[in-house]
There are 2 protein chains.
Amino acid sequence: MSEEKSFHMTSDEFRRYGHAAVDWIADYHSRIESFPVLSQVKPGEIRAALPKNPPAQGEPFEWLLKDVERLILPGVTHWQSPNFFAYFPCNASGPGILGDLVSSGLGVQGMLWSTSPACTELETHVMDWLVGMLGLPEKFLSSKSGGGVIQDTASSAALCALLAARERATNYSSNKKGCNGRLVAYASTQTHSSLEKAAMIAGIGTENLRLIDVDDNFAMRPDALARQIEADQRAGLTPCFVCATVGTTSSNAMDPIAAIGEVCQRHNLWLHVDAAMSGTAMLCPEFRHLQNGVELADSYNFNPHKWMFTNFDCNCFWVADRKALIQTLSILPEYLRNQATESGAVIDYRDWHIQLGRRFRSLKLWFVIRHYGVEGLRHHVREHVRLAQEFAEWVREDDRFELAALAPLNLVCFRHKGGDAANQDAVNQSIMDRLNRSGDLFLTHTKLKGKLTLRLCVGQTNTQARHVERAWKRIREEAEKAAAAA
Amino acid sequence: MSEEKSFHMTSDEFRRYGHAAVDWIADYHSRIESFPVLSQVKPGEIRAALPKNPPAQGEPFEWLLKDVERLILPGVTHWQSPNFFAYFPCNASGPGILGDLVSSGLGVQGMLWSTSPACTELETHVMDWLVGMLGLPEKFLSSKSGGGVIQDTASSAALCALLAARERATNYSSNKKGCNGRLVAYASTQTHSSLEKAAMIAGIGTENLRLIDVDDNFAMRPDALARQIEADQRAGLTPCFVCATVGTTSSNAMDPIAAIGEVCQRHNLWLHVDAAMSGTAMLCPEFRHLQNGVELADSYNFNPHKWMFTNFDCNCFWVADRKALIQTLSILPEYLRNQATESGAVIDYRDWHIQLGRRFRSLKLWFVIRHYGVEGLRHHVREHVRLAQEFAEWVREDDRFELAALAPLNLVCFRHKGGDAANQDAVNQSIMDRLNRSGDLFLTHTKLKGKLTLRLCVGQTNTQARHVERAWKRIREEAEKAAAAA
């Protein structure tokens, strides 16, 4: 039978252009240090260079790669640069990228077990592997009462945990009847903003999200938590959920999980542990004391897409009681019914998250774990922590600077002491702006105890000693100029 | 300076293995018709072949590709097969896959404009292009009061629309105070299950989601909608949101948008139009009458990852009033503050969806649109519709079969008439099971007016006339056997 008219890319073209795209990425990473880390374009500059209308006829693939180079790159902030020390990183690696490519090529939907059994089973398997790799409690295993699922982000994981807590606390009636304005959730003043967003989305309301005080090291105070829960109970409200953080975004503070978990058990609250960034450190047994008490958690999550070399998006989320999660998020229209689901012998991950459709995300995680091996992953995590600790030591030894928080792992919060207290914030803002405008590195800020604080996070895949050394040199150079100008 | 010990994939290795992965994908697509479309494995079979523990030391990349072939492929349901006629498709293409690969290689986070301006601006630009390409109202343009954003799935888009409606109806107080159990949302009995899930998640409650009756063609009855809204208002409730569908999942029914929109305007309800599947057809002016009245929508979404050759995930979501959406989903912690955001001159897409982190998804959409051109996309959509209409004609002409619904585009709902009414469902179930077990093609079912109905959807990238012809031949073969056995 003759082939029909087609505009699809042929197999030969796919090979040729695919090789070209792979080579372009390899080249990009080889010259990544030549670009300013933070994009220097002005608002609207990228759009202004794009044609007003889409093309009526197709264009050669070569034009696309050229335009990525010419039109897109100037507007890229280079998250994969070894000189990227901002926010938390979003690191990636060769095996992660190629695992994701294979997933795109297979193009399967994993919403149900039956829509691609391997997509579900590899995910369950890798999530079980990670329970052991991170020293998490056995109750999170799929062979016990729990199980793991890959979510897109920690925001979605927190939302799912909050929803399950909401349902459990209302005897599974809030899904039917809606919220009643009487459920209360707890986090700390340092908890990630996604919890506030989750409280908004879930119909709990931010006025019913209590932000518990922190101690001098920005960790949640369990005594303050217990007092607030008891006050809410006396007021006739229904406390249902606590989020404790292993490594807060602002300062990498470690909430005391054991003490918080004990409070949650006493009052029958769902404990969600958010280890989005620092969970990766738990690959190394010597860091696990930072989450002592994790066996009390009802749910836990961390982001391999932050620090475990697995490109975005990849959030790993576990629950101790999968029935609670499934009962919360399950729907079953006729057009999704099938024998495997009815048999009850399989996991349908559709019932473990917000979305229905889902891609084969475990492939990239599997590729990463197998490429590095557990020892390889540990090596690089330890190396990042070592470099950050070295940087903290330099700050400590320089009397123009001070550390602004403990630095338990790979995030260092610090500031220049300024000429005097009045201009300290301005000097630090100026140091950051000068550095980021220079393009040599990129770091971001926070406020701790009311003071502007610089954050340097070592977590980019290719960051080595020389990058951190140069960052410190450049920080001191710009600090001198900023202080002189103040 | 000497290089440090590293387990990372080198640049040369990335090229070599990247080429191998691209070639593997090309090979996979070349031999995709040799696999059973629906995976034939039993529950647990894939996991049983995987090692119990993760490797301590890294493994060669060659092993990974071999294991994809050996361990994963048997558990894959081949969504990219031209013989995949199940559910709605999730089609992909060379340019889409390679655009996504470049996105993985860049590895940027687009949560804020400043975290990669090109990621935001290309997305806004392409979403504006699509407004014109689909004949959508100008109010959805970023240059007007609205704007578009790429979401992961239609489930998330519906949730965001419902949240914005919830906030607007409560004068932006539900985020703060939580839901009060008095908000009401409306869909039809045929609306996608994600709306039920959204009502659960958003704290509205499924008891407050009214499922409005449909007419003989499974389209929502605007008169019934109006009556229900008025009854709810009289009961002191707060109607806030209607979801109308352009192409329902079950039968591809078209809700009358103009009439529904008029009801929404009269009662000041948010109208969300879900065109997840059929939105792609609007590339062709001749199909746009199916969504007459779309100018009354407050929000609209469709999935290029279903039918527009853009690999998952890629949902396009527009709002007419971006301020309502942003006010609903905005949070601004100190550590995300920056000059561009404060200036108000830029879009921060973090405030347009549930998640914080986001990947550079517009690249694959840009690649697809430029590779095919508007005319190329139209050609393939028209071809799919033509093939489905031809199939519907064959069903109509065969007196053992009947059409079970209108077939306005590329989904045909049909059934074998069975020996008698009593065994009709069993015969159709048996036809489907036999076909799916044969591996020759994959189709799924629904229930319409209480009867089991087979669905055949033509939307896979490489489906040609010969595949649909063979599907019809195989359906008739298995129908004869099933009817004989009944």
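Guide: Two strands pair if DSSP finds at least two bridges between them. The model discussed here is predicted.

Visitor: In which sense do strand 6 of chain A and strand 7 of chain A pair?
Guide: Strand 6 (residues 299-302) of chain A and strand 7 (residues 315-319) of chain A are joined over four bridges, and at least two are needed for a pair. Within this pairing, S299(A) stands opposite V319(A) of strand 7 of chain A. The sense of the pairing is antiparallel.

Visitor: Which strands are the edge strands of the sheet in chain A?
Guide: The open sheet of chain A has seven strands in the order 1-7-6-5-4-2-3, with mixed pairing. An edge strand here pairs on one side only, and this holds for strand 1 (147-151) and strand 3 (209-212) of chain A.

Visitor: At about what angle does helix 6 of chain A run to strand 5 of chain A?
Guide: Helix 6 (residues 154-169) of chain A lies across several strands, among them strand 1, strand 4 (238-245) and strand 5 (270-274) of chain A. Helix 10 (residues 257-267) of chain A also packs on the sheet, where it touches strand 4 and strand 5 of chain A and makes about 165 degrees with the direction of strand 4 of chain A. For helix 6 of chain A and strand 5 of chain A, the angle is about 175 degrees.

Visitor: Which residue in strand 3 of chain B is the bridge partner of Y186(B)?
Guide: Strand 2 (residues 183-188) of chain B pairs with strand 4 (residues 238-245) of chain B in parallel through four bridges, and there Y186(B) stands opposite V242(B). Strand 2 of chain B is also paired in the parallel sense with strand 3 (residues 209-212) of chain B over four bridges, where A185(B) has L209(B) as its partner. In strand 3 of chain B, the partner of Y186(B) is R210(B).

Visitor: Are the residues of strand 2 of chain B buried or exposed?
Guide: In a regular strand the side chains alternate between the two faces of the sheet. L183(B), A185(B) and A187(B) point one way from strand 2 of chain B, while V184(B), Y186(B) and S188(B) point the other way.

Visitor: Why is helix 8 of chain B largely enclosed by the rest of the structure?
Guide: The buried residues of helix 8 (residues 193-201) of chain B include S194(B), L195(B), K197(B) and I201(B). Helix 8 of chain B is largely enclosed because the number of its nine residues that are buried is seven.

Visitor: How are helix 5 of chain B and helix 14 of chain B oriented to each other?
Guide: Helix 5 (residues 117-133) of chain B and helix 14 (residues 362-397) of chain B have axes 9 Å apart and pack at an angle of about 40 degrees. Their crossing is left-handed, and the contact includes W129(B) of helix 5 of chain B and W366(B) of helix 14 of chain B. The two helices are therefore oblique.

Visitor: Which helix gives the most to the side of chain A that touches chain B?
Guide: The contact between the chains takes 131 residues from chain A and 131 residues from chain B. On the side of chain A, these divide into 59 nonpolar, 51 polar and 21 charged. With 15 residues, the helix that gives the most is helix 1 (residues 11-30) of chain A.

Key
Residues are numbered from 1 along each chain as its sequence is written. Chains are lettered from A and ligands numbered from 1 in the order in which they are written. This is a predicted model: local features need pLDDT of at least 70, side-chain atom pairs count only at pLDDT 80 or more; totals for chains, interfaces and linings use all residues. Axes are lines fitted to C-alpha atoms, for helices over the stretch in contact, and angles run from 0 to 180 degrees between N-to-C directions. Angles under 35 degrees count as roughly parallel, over 145 as roughly antiparallel, 65 to 115 as roughly perpendicular and the rest as oblique. A crossing is left-handed if the near helix is turned anticlockwise from the far one by less than a right angle, and right-handed if clockwise. Two residues are in contact if their C-beta atoms, placed from the backbone, lie within 7 Å. Ala, Val, Leu, Ile, Met, Phe, Trp, Tyr, Cys and Pro count as nonpolar, Asp, Glu, Lys and Arg as charged, and the others, Gly among them, as polar. A residue is buried if 20 or more other C-beta atoms lie within 10 Å of its own, exposed if 12 or fewer, and partly exposed in between; C-beta atoms are placed from the backbone.
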